[in-house]
Amino acid sequence: MSSASELRYLASHEWGRIDEEGILTVGISEHAQDLLGDIVFVELPDIGKELDAEEESAIVESVKAASDVYAPLSGEVIEINEKLLDEPEIVNNSPLEDGWFFKIKLNDSTAFESLMTEEEYNASCED
Amino acid sequence: MVDFHGWSMPINYGSQISEHVCVRENCGIFDVSHMTILDLKGKDAEEFVRKLISNDVRKLNELYEGLYSAMLNDDGGVIDDLIAYKLENGYRLVVNCATRGEDLKWISTKAKNYSVEMEERDDLSMVAIQGPNSSEVLSNCPAPIVRTLESKKKQQGVYGNDMFATKTGYTGEAGFEVILPHDLAVGLWKNAIKAGAQPIGLGARDTLRLEAGMNLYGFEMDDSISPFECNMTWTVDFTDEDRNFFGKEALMRMKKENKQYELVGLMLEERAILRQGQKVYFDDEKNIEGTVTSGTYSPTLKKPIALARVPKISAKSCYAEMRGKEVFAKIGSPRFIKEGKEIFKERI
């Protein structure tokens, strides 16, 4: 079983952190914010939206490029980090904590185990 | 670090936006040694340079003074933009590194009928120091001759102690650039840092020049774009009727036909950045369109800005389609910031 604070990843640089109620907090990795450079805009999904796993769910725009953020797993959006709309630099400063994007109520919380571990993700970044 | 036309260069040293703000509010230093430096010397140097570029170097009153210009092909397209500096026995051209190959080929072919020698100065580095506090760095410069630059006007320069220093730049701020041997460049760099300058990467160099409304080759212009279509009309000098610079005939024809496109500035109130190549539209049917040449988030204005080549019509706004939505932009002058202040003029 994974610990409560453990982060799991998608190869496309999103992380997810699950709590005991099966709610997944989603953000982008330290490596992703570094690649993007200064982030200037964030677009978030609507609360209540049903997302499929690996569906485009948010947009992050940096000085360099606009990128899609994918939902790691399927579920309903129950909360979004509205602070990012006015202070997108939070994503650069704290990608794994204060810079979270949205929370989803997972359809199947056991699917969390199917995501990449930090070790697997780091290895995929080196390829 | 990125490979920039064969040069390993930093996009940013830390945060690109912080570097940008540093140049607007304090002082930044850029390693721009990738720029190609060409010295043209010989009996016919003046005659040749007057033929080679669209602006007229006869305007240069002082030694070491610089003149911004286009170098055109026979169709009036921009082969490159450059600064020509007056030397004792010729001219120094600082041209883009992205176009180095084409430039060298064009210039050496055209120089054949003139008594002029071209020397590429790859023995020299180039450093730019820009920002409201750049005068601090200047007054702390160990080379006395460089310190005398203080009394010079914009575009003017000094030369001595192996250093060629001019009041030029690519940021819209006060500042200067120094061309000097590689070993001296290291010392100048360290000294500038000590005097308060912060290193600035390519990323901020691009957003600074875009806010200032300065062109970037391959974006605002290329060899199929005339100076009239990229806000470079002011660099074409027709005053001397006997001066037949390359591209002049084509430009005269275009003048008669009345140019169709122009470069404008776009300002957006929405959270979306227009990028190079994106289309902007002027009518519901999308029959009338223009093209974004450069777009970015302006760290000074804290909103998205862009330059675009658009049909010459008096529209006040246009729109782009982004992610399935229509995004509106106000149209105005192709320049946004000068010396830290907003100078964008919306069409009214």
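**View 1. Glu55(A), with a relative accessibility of 22%, counts as partly exposed.** Here "buried" stands for under 20% relative accessible area, "exposed" for over 50%, and "partly exposed" for what lies in between (1.4 Å probe, protein chains only). Please keep in mind that this is a predicted model, in which local features need pLDDT of at least 70 and side-chain atom pairs count only at pLDDT 80 or more, while totals for chains, interfaces and linings use all residues. Residues are numbered from 1 along each chain as its sequence is written, chains are lettered from A and ligands numbered from 1 in the order in which they are written, and side-chain values use heavy atoms, with hydrogens and water left out. The partner of Glu55(A) is Lys49(A): the two form a salt bridge whose closest N and O atoms are 3.8 Å apart. The rule asks for a side-chain nitrogen of Lys or Arg within 4 Å of a carboxyl oxygen of Asp or Glu. Lys49(A) is partly exposed too, at 35% relative accessibility.

**View 2. Arg8(A) and Glu6(A) join their side chains in a salt bridge, 2.9 Å from N to O.** Over all chains, the count comes to 34 salt bridges.

**View 3. Asp237(B) meets Lys59(B) in a salt bridge of 3.1 Å, N to O.** This pair links distant parts of the chain, its members being 178 residues apart. Asp237(B) belongs to the loop between helix 7 (202-211) and helix 8 (248-257) of chain B, and Lys59(B) to the loop between helix 2 (45-52) and strand 5 (66-72) of chain B. Helices (H or I, at least four residues) and strands (E, at least two) are DSSP runs, numbered from the N terminus. Asp237(B) is buried, with 9% relative accessibility, while Lys59(B) is partly exposed, with 39%.

**View 4. Salt bridges that share partners tie Glu43(A), Glu61(A), Arg275(B), Arg323(B) and Lys325(B) into one network.** One of the bridges brings together the side chains of Lys325(B) and Glu43(A), at 4.0 Å from N to O. Between chain B and chain A there are five salt bridges. The rule also finds 11 residue pairs in polar contact across this interface (both at pLDDT 80 or more); a polar contact is a pair of N or O atoms within 3.5 Å, where, within protein, one must be able to donate a hydrogen and the other to accept it, and residues adjacent in sequence count only if both atoms are side-chain atoms.

**View 5. At the interface, 14 residues of chain B are in contact (heavy atoms within 4.5 Å) with 13 residues of chain A.** How much area do the two chains bury between them? The value is about 1200 Å², with 49% of it on carbon and sulfur atoms; it is the accessible area (1.4 Å probe) that two parts lose on being put together, summed over both. In chain B, Arg271(B), Arg275(B) and Arg323(B) lose the most area to chain A, together 51% of what that side buries.

**View 6. Ser333(B) sits in the loop between strand 19 (325-332) and strand 20 (337-338) of chain B.** Ser333(B) is buried, with a relative accessible area of 14%. A polar atom of its side chain lies 3.0 Å from the backbone nitrogen of Lys345(B). Leaving aside residues up to four places away in sequence, Ser333(B) touches Gly265(B), Ile343(B), Phe344(B) and Lys345(B).

**View 7. Six strands of chain A make an open sheet in the order 1-2-3-9-8-5, with antiparallel pairing.** Strand 1 (7-9) and strand 5 (50-51) are the edge strands, each pairing on one side only. Two strands pair if DSSP finds at least two bridges between them. Strand 8 (residues 75-80) and strand 9 (residues 102-106) of chain A have five bridges in the antiparallel sense, and Ile80(A) stands opposite Phe102(A) in strand 9.

**View 8. Helix 2 of chain B has Ala45(B), Phe48(B), Val49(B), Arg50(B) and Leu52(B) as its buried residues.** Their cover includes strand 4 (36-41), strand 5, strand 7 (90-95) and helix 3 (100-110) of chain B.

**View 9. Asn231(B) and Lys286(B) are shown for their backbone angles.** Most residues other than glycine have a negative phi. Asn231(B) has a positive phi, near 60°, and lies in the loop between helix 7 and helix 8 of chain B. Lys286(B) has a positive phi of about 60° and is found in the loop between strand 15 (279-281) and strand 16 (289-298) of chain B. Asn231(B) is partly exposed at 22% relative accessibility, and Lys286(B) is partly exposed at 30%.
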